[in-house]
Structure formats: C-alpha cells, structure tokens
Amino acid sequence: MTKQEILAKVDHTLLKADAGWEDIRRICDEALENSTASICINPCWVERAVEYLGGRVPVCTVIGFPLGATTTAAKVAEAKQALAEGCEEFDMVINIGRLKMGDTDYVRDEIRALKQAVGNKVLKVIIETCLLTDAEKETMCGVVCEAGADFIKTSTGFSTGGATFDDIALFARCVKGRCRIKAAGGIRSVADMERFIALGADRLGTSSAIKIFNNEASGTEY
C-alpha cells in the first residue's frame, strides 16, 4: 500500500489530558497536509476544531472516554452536544462492567441509544479488548452489529493493552462484513498498519502514524 492509501484510513488522534489548543491545531494541520480520514480529539475541542478545519477534514470525538462507566444518558448528552458543534464521527466506550456481568442487553441498548442520537454520522464502538475474553469479544461483535453501529473498535489506548493482530482477525471472522473494524492502540510501524489493514481493519486509530512514516523515511528507529 502507498503512504497515502494508509493515511486515508487513519484517525489522527490526540486525547492526552494536557493537550491545549496549539496541540490540537497542530494535528489539524497535519491531518490537512496528509489527508487523514479524520482527527480524533476530546469533546472540549470539537467546536473550535470544526471551525478551524471548515469541513476539510472530519472531526471525530470520544464518548464516555476512557472508562465507559458513565450513564447512558450522560453519553447521549455528550454525543448530542458534539453533534450540534459539527462533529461527524463518534467513538464511544461500552460499559465494560455491565458486559462482564453478562448484561449484554444493557450494552446493546446503550449502543442503540448512541446511534439514534448521532443518526447518519459514524458511530464506532470501543470494546477494550485487553479486558475481555475471546468469548466476550465474539459476543460484542454480534452486539455491535445488532445495535446498528458502523464500526467495532479494539481499544482506548488508555488501558492495559491496544490492538492485536489476533483481535482484528477475530473481529473480521465474527462481524462478517456487517460492520467495519477499527484497530487502535499500540501501532508502532508501517508494517503494523499494513498488517492490520490486510487482516480486515478499515480504520486505524493512532497518534503516531505521520511520525512513523517520517521516521521510517529518514531511517530513524521509532
């Protein structure tokens, strides 16, 4: 794959707690220069980033991030505010505790509520694979598709691990084209990006893709 073909699948991400507007503007400029799929930022920056980008790159934000343990009503309110501010893509974190106790109906209903809130905008569902068994991951592939979400996503990048090749292969086997797949967290090289895509990922979430390409092009180890 070419550099541009890969970057067209990247959500250029900055979710650090200490990021200020200059940091957000930098990733906006990088996204514009490199034609990434979107920028992914915390909700407090959505309105300003949308205004700055002027529709040239979609803005994505996170909902219930990073723990997923807020109420459904709080997640819906967060999504509706970002939608009103011009956000086009939404990466929500499921209620992992509810899933672990077997309450899949709650998790499914919450995803449906978020999809209803954002309408025809893109909803990605973060299931935090590092905290789940393979059986729970398989269950969530079904739940995400049944609830009408657009993507199933591996990770927040804030827990004990990120995307793995095995998890993307599992997703591809279980969703069977009913929704798309996003790999996020721990992407370290161009080879990683190419393999995730080959295994079935339609989107990559990383803060490092542009830096990785620049460093590999210059022969710098990353």
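This is a predicted model: local features need pLDDT of at least 70, side-chain atom pairs count only at pLDDT 80 or more; totals for chains, interfaces and linings use all residues.
Helix 4 spans residues 72–84 and helix 6 spans residues 104–118; their axes come within 9 Å and cross at roughly 20°. Angles under 35 degrees count as roughly parallel, and helix 4 and helix 6 are therefore roughly parallel to each other. The crossing of helix 4 past helix 6 is right-handed. On the side of helix 4, the residues in contact are Thr72, Lys75, Val76, Ala79, Lys80 and Leu83, and they meet Tyr106, Glu110, Ala113, Leu114, Ala117 and Val118 of helix 6. Sorted by class, this contact of helix 4 with helix 6 has eight nonpolar, one polar and three charged residues.

Helix 6 also packs against helix 7 (residues 134–146), where the axes come within 9 Å and cross at roughly 40°. Here, too, helix 6 passes helix 7 in a right-handed crossing. Helix 6 contributes Thr104, Val107, Arg108, Ile111 and Arg112 to the contact, while helix 7 contributes Thr139, Met140, Val143, Val144 and Glu146. By class, there are five nonpolar, two polar and three charged residues in the contact of helix 6 with helix 7.

## The nonpolar core

In soluble globular proteins, nonpolar side chains tend to be buried together. The largest nonpolar core of this model has 72 residues, of which Ile39, Ile111 and Leu204 touch the most other members. Not counting residues up to four places away in sequence, Leu204 touches residues including Ile6, Val10, Ala183, Ile187, Met193, Phe196 and Ile197. Charged residues are also touched by Leu204, among them Lys9, Asp11 and Lys182.

## A buried strand residue

Ile126 lies in strand 5, which covers residues 122–126. Its relative accessible area is 0%, so Ile126 is buried. Leaving aside neighbours within four places in sequence, Ile126 is in contact with Phe65, Asp91, Met92, Val93, Ile94, Lys153, Thr154, Ser155 and Thr156. The C-alpha atoms of Ile126 and Val144 are separated by 9.6 Å, and the two residues are 18 residues apart along the chain.

Most residues other than glycine have a negative phi, and most peptide bonds are trans. Phe65 and Pro66, however, are joined by a cis peptide bond with omega of about 0°. Pro66 sits in the loop between strand 3 (59–63) and helix 4.

Ser35, although not a glycine, has a positive phi of about 55°, and its place is in the loop between helix 2 (21–34) and strand 2 (38–41). Glu128 likewise has a positive phi of about 55° and is found in the loop between strand 5 and helix 7. Ser35 is partly exposed, with a relative accessible area of 43%, whereas Glu128 is buried at 2%.

Definitions and conventions:
Residues are numbered from 1 along each chain as its sequence is written. Side-chain values use heavy atoms; hydrogens and water are left out. Axes are lines fitted to C-alpha atoms, for helices over the stretch in contact, and angles run from 0 to 180 degrees between N-to-C directions. Helices (H or I, at least four residues) and strands (E, at least two) are DSSP runs, numbered from the N terminus. Angles under 35 degrees count as roughly parallel, over 145 as roughly antiparallel, 65 to 115 as roughly perpendicular and the rest as oblique. A crossing is left-handed if the near helix is turned anticlockwise from the far one by less than a right angle, and right-handed if clockwise. Contact means heavy atoms within 4.5 Å. A nonpolar core is a set of buried Ala, Val, Leu, Ile, Met, Phe, Trp, Tyr and Cys residues joined through side-chain atoms within 4.5 Å. Buried means under 20% relative accessible area, exposed over 50%, partly exposed in between (1.4 Å probe, protein chains only).
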